[in-house]
Amino acid sequence: MNESSLFIEGDWIKGDGGLVTSLNPVDNRILWQADGASTSQVDAAVWAARRALPQWRRLSLSQRLEPILRFRELLQQHAEVLAEYIGEETGKPLWESRTEVVAMIGKIGMSIDAYHERCRSYERPSSHWNETLRHRPHGVLAVFGPFNFPAHLPNGHIVPALIAGNTLVFKPSEYCPRIAEQLVGLWHQAGLPDGVLNLIQGAGSEVGQVLAQHPQLDGLLFTGSAATGQALAQQFADQPGKLLALELGGNNPLIIDQVFEVHAAIHDSMVSAFLTAGQRCTCARRLLVPDGAWGDDFINRLGRTLLQLQVGAYDAEPQPFMGAVISNAQALRLLSRQQQLQQQGAASLVTIQHLASDSGLLSPGLIDVTPVPEPGDQEDFGPLLKVIRYEDFDQALMIANDTRFGLSAGLISDSRERYQQFYDQIRAGIVNWNRPITGAAGAMPFGGVKQSGNLRPSAWYAADYCAYPVASMEAEQPQLPVSMMPGLSL
């Protein structure tokens with residue numbers, strides 16, 4: 001039992017709220033357990049951030065960067081320990097957890113460069129005054145972290161928010177409290193002033209809701225499900241002065257065209273659908289394959305490859321491609337979804353199997369939903385890929401766009417003309433050609449359209465929502481104009 005689970009105004013304190021338990025998703029071993037935050041402790045964390053704001057925002061950019069750069073050094077020093085923590089708490093294989101830490105380290109330099117490019121100040125002199133542009137922090141921001149990237153994704157909000165001069169209250173996923181505790185500990189060790197970053201633990205439906213409703217909050221940065229994002233949007237609807245940045249999920253399509261390099265197409269399909277056990281918001285959920293003999297052969301090859309895919313514990317040797325989903329409960333939801341589709345007429349080409357009872361370990365699944373009239377427009381967050389056959393490319397595009405989401409989309413094709421048509425017509429924020437759609441460059445914006453977000457992309461564009469522009473006209477002293485406006489005399 002962890003006695004001190006909250007970090008408020010520079011002190012680790014014991015929570016007074018409900019019990020939070022983190023389990024290894026493979027075998028349900030307790031990894032971390034502590035009492036979460038009470039309502040009064042959420043309030044204390046927000047006020048701690050409010051008190052720290054004036055001093056932090058007044059620091060020069062170079063002064064704010066000092067602890068941020070020291071944090072990067074600490075990430076490098078503790079990289080392997082952090083990877084172990086991420087793997088054990090999320091179920092990700094260790095090789096993939098290491099890439100998450102590398103992404104965190106790289107995010108700092110990219111966030112600094114993005115701030116310089118997108119939040120630069122300038123002054124334009126005129127005859128009697130200067131026109132100036134500067135950027136200000138919003139104030140006190142809440143950061144809600146997801147479980148699939150419990151370090152990298154909140155870090156992608158925290159770093160640019162701190163660079164801009166905001167102070168923060170961080171509420172991680174209740175599935176991953178331990179890695180959040182480690183990260184906040186490194187921030188403290190890096191010399192971040194007390195109150196600038198505060199940590200509260202607890203369930204999103206309880207602690208998160210209290211935090212989101214706090215009147216002293218100036219904004220909220222959220223990565224997670226569309227349902228929660230929509231609830232937050234409704235809650236903030238009558239507060240237009242508060243920032244809300246949403247990065248939500250998707251029902252992402254990957255269209256397969258007839259290509260010469262079939263093995264490469266199979267590889268990109270596998271990575272698109274099953275990386276991180278299908279628990280990336282950019283994962284392919286729908287695989288669109290042409291009718292006919294070529295498409296039949298492609299699906300057969302994909303199914304055979306899928307049966308060989310290695311699944312296992314995060315630290316298994318040799319390393320598996322895919323680890324566990326986040327919990328046994330999520331595994332059961334995916335099994336239930338597979339059964340529901342089967343009952344509607346879908347054909348399981350490769351059936352998801354529960355590899356261990358009371359565990360998040362699942363084998364990947366491939367299911368043909370072409371015969372299902374209404375397969376449902378939802379994000380099945382896990383290793384279940386739905387195949388849809390199409391007659392021609394125009395139909396494939398229509399099917400791909402037939403979703404309320406618009407995060408990522410991809411085309412595997414040898415034809416540049418097909419890609420140009422795809423790019424012109426597809427509605428998504430990330431559009432890839434002959435690349436897995438789980439791939440996104442950190443030096444570019446990351447986000448989607450429709451119900452995959454609220455048009456505030458993160459990554460390179462996080463600087464845009466972490467500071468707001470202030471336009472000024474400034475003169476050293478008041479001056480009368482050369483000529484007065486009509487009807488005005490002094």
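This report looks at aromatic pairs and charges over rings in one predicted model.

Local features need pLDDT of at least 70 and side-chain atom pairs count only at pLDDT 80 or more, while totals for chains, interfaces and linings use all residues. Residues are numbered from 1 along each chain as its sequence is written, and side-chain values use heavy atoms, with hydrogens and water left out.

Let's start with the rings. Searching the whole structure turns up 10 aromatic pairs (rings of Phe, Tyr and Trp, its six-membered ring, with centres within 6.5 Å; planes under 30 degrees apart are stacked, over 60 edge-to-face, the rest tilted).

| Pair | Centre to centre | Angle between planes | Class |
|---|---|---|---|
| Phe147 and Tyr175 | 5.6 Å | 70 degrees | edge-to-face |
| Phe147 and Phe381 | 5.9 Å | 85 degrees | edge-to-face |

Phe147 sits in the loop between β7 (140-144) and α5 (152-164), and Tyr175 in the loop between β8 (167-171) and α6 (177-189), 28 residues apart. (Helices, H or I of at least four residues, and strands, E of at least two, are DSSP runs numbered from the N terminus.) Phe381 belongs to the loop between β15 (365-368) and β16 (384-390), so its pair with Phe147 ties together parts 234 residues apart in sequence.

Phe147 is buried at 18% relative accessibility, and Phe381 is buried too at 16%, but Tyr175 is partly exposed at 32%. (Buried is under 20% relative accessible area, exposed over 50%, partly exposed in between, with a 1.4 Å probe and protein chains only.)

Elsewhere, Tyr419, Phe422, Tyr423 and Trp433 make up one aromatic cluster.

Charges sit over rings as well (NZ of Lys or CZ of Arg within 6 Å of the ring centre and within 35 degrees of the ring normal). Lys92 has its charged end over Phe149, 3.6 Å from the ring centre, and Arg178 lies over the face of Tyr85 at 4.1 Å.
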